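Biologist: I would like to learn how to read this model feature by feature. Please give the general idea each time, then the case at hand.

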Amino acid sequence: MINVTKVYLPSKEKYQKYIDEIFESAWVTNYGPKVRELEEKLAEYLGVRNIVLVSNGTAALEIAYRTLGIKDYAITTPFSFVATTSSLLTNSIKPIFVDINSDTLNIDAEKIEGAITSDTTAIVPVHVFGNPCNVDKILEIANKHNLKVIYDAAHAFDVRYKGKSILNYGDISTLSFHATKLFHTIEGGALVINDDKLAKKARYLINFGIENEESIPYLGINAKMNEFEAAMGLCLLDEIKNIKSKRKILNDYYKKELDGVVKLQKINEDTNMNYSYFPIILKNENILLKIKKALNEENIFPRRYFYPSLDTLKYIRPKQKCLNSRDISRRILCLPIYPELRKNDQKRIIKIIKGKYEKL
Ligand SMILES: Cc1ncc(COP(=O)(O)O)c(C=O)c1O
């Protein structure tokens with residue numbers, strides 16, 4: 001079976017060494033030595049100031065809102081994984097959707113200003129499939145209207161824009177280290193925070209809001225990463241360059257074969273991507289369903305990602321309609337891409353897509 005992705009695992013021996021150390025120390029959670037080591041190594045590798053590891057990418061978003069005191073309304077994109085929006089709602093913040101640009105698949109920065117009201121406190125854009133948002137324009141708008149910016153950078157691990165990590169943009173960027181991601185800790189996530197004071201606050205918030213034995217200054221949650229998860233991250237960080245270069249080869253081959261046959265995401269200039277996803281945009285949903293069926297019959301399972309568009313969710317009030325996002329979400333398919341994917345299987349995928357497309 002070929003799925004859209006396959007978890008990357010280090011050798012058992014490599015992971016076992018870390019597990020032995022954890023058993024020896026009997027320190028399994030609560031900001032242990034492996035979590036600290038991974039935070040330091042990640043900050044250095046990514047070129048960011050503070051990194052706070054957490055239990056998952058959804059918790060990272062929730063902690064980001066709490067750290068910055070976001071309330072009332074936040075502008076966000078309807079073309080994302082549901083957690084971008086649901087994390088707002090579970091923190092009593094109402095999402096106001098601004099439609100996407102149908103080429104970049106990111107929030108259309110030109111449309112953000114028109115959606116700002118006196119109750120807007122934040123902008124929550126997503127670097128969709130790792131493609132950097134129009135960060136300069138978003139910064140300009142945020143400064144003008146005194147808004148906080150939280151980038152959902154779940155897909156943007158190790159993406160560089162204009163020579164530096166994309167994670168340096170915004171008041172906070174959040175990452176997901178779920179097993180399906182390029183870099184993972186089984187379950188996990190992180191906040192990237194430039195401001196040291198805010199980073200300190202986030203550390204209290206992930207530990208129930210506790211500062212020390214006598215002081216609980218904030219309303220927090222439990223969002224701590226444990227030592228076993230951090231150990232997985234330490235194993236993988238060593239191998240990340242190799243993981244990325246294997247993905248790049250697959251990415252470039254898909255691109256060479258499919259560019260012009262199907263529509264591809266337009267990547268921002270001056271970007272070094274991480275090759276996490278390979279989305280293709282088809283002419284209509286009917287064609288998508290036929291291609292998906294043909295692939296499924298060969299035991300190949302691409303994923304409709306992101307679908308459905310979040311502005312169609314039943315629990316969104318007031319009702320909103322983002323036509324570009326609805327249109328793209330109906331006809332976008334993410335193709336299998338992971339280091340172990342064999343060239344022959346990739347060729348098979350391309351052949352099925354091309355064959356079906358030409359017949360339709
Ligand atoms: C854009 C985006 N945001 C947030 C999340 C949530 O991350 P997690 O699954 O680690 O909670 C995901 C997960 O896939 C995602 O794709």
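Biologist: Into which domains is the protein chain divided?

Modeller: Some ground rules come before that. This is a predicted model, in which local features need pLDDT of at least 70 and side-chain atom pairs count only at pLDDT 80 or more, while totals for chains, interfaces and linings use all residues. Residues are numbered from 1 along each chain as its sequence is written. Domain bounds come from an automatic or database domain assignment. Here they give domain 1 (2-237) and domain 2 (240-359), with C-alpha centres 24 Å apart.

Biologist: How many residues does the contact take from domain 1 and from domain 2?

Modeller: Two residues are in contact if their C-beta atoms, placed from the backbone, lie within 7 Å. Domain 1 gives 35 residues and domain 2 gives 38 residues. Helices (H or I, at least four residues) and strands (E, at least two) are DSSP runs, numbered from the N terminus. On the domain 1 side, β1 (2-3), α4, β7 (160-161) and α7 (227-237) each supply at least two residues.

Biologist: Which classes make up the side of domain 1 that touches domain 2?

Modeller: Ala, Val, Leu, Ile, Met, Phe, Trp, Tyr, Cys and Pro count as nonpolar, Asp, Glu, Lys and Arg as charged, and the others, Gly among them, as polar. That side has 19 nonpolar, nine polar and seven charged residues.

Biologist: Which residues are closest to the ligand?

Modeller: A residue is near a molecule if its C-beta atom, placed from the backbone, lies within 6 Å of it. The ligand is surrounded by 14 residues, the closest being G57, T58, F81, A154 and S176. Two or more shell residues come from each of α3 (57-68) and α4 (82-89). By class, the shell has four nonpolar, nine polar and one charged.

Biologist: Is F278 buried or exposed?

Modeller: A residue is buried if 20 or more other C-beta atoms lie within 10 Å of its own, exposed if 12 or fewer, and partly exposed in between, with C-beta atoms placed from the backbone. F278 counts as buried because it has 24 C-beta neighbours inside 10 Å. Buried residues make up 44% of the 360 residues in the protein chain.

Biologist: Where does F278 lie, and which residues is F278 in contact with beyond its neighbours within four places in sequence?

Modeller: F278 lies in strand β13 (residues 278-281). With those neighbours left aside, F278 is in contact with N251, Y254, C334, L335 and I337.
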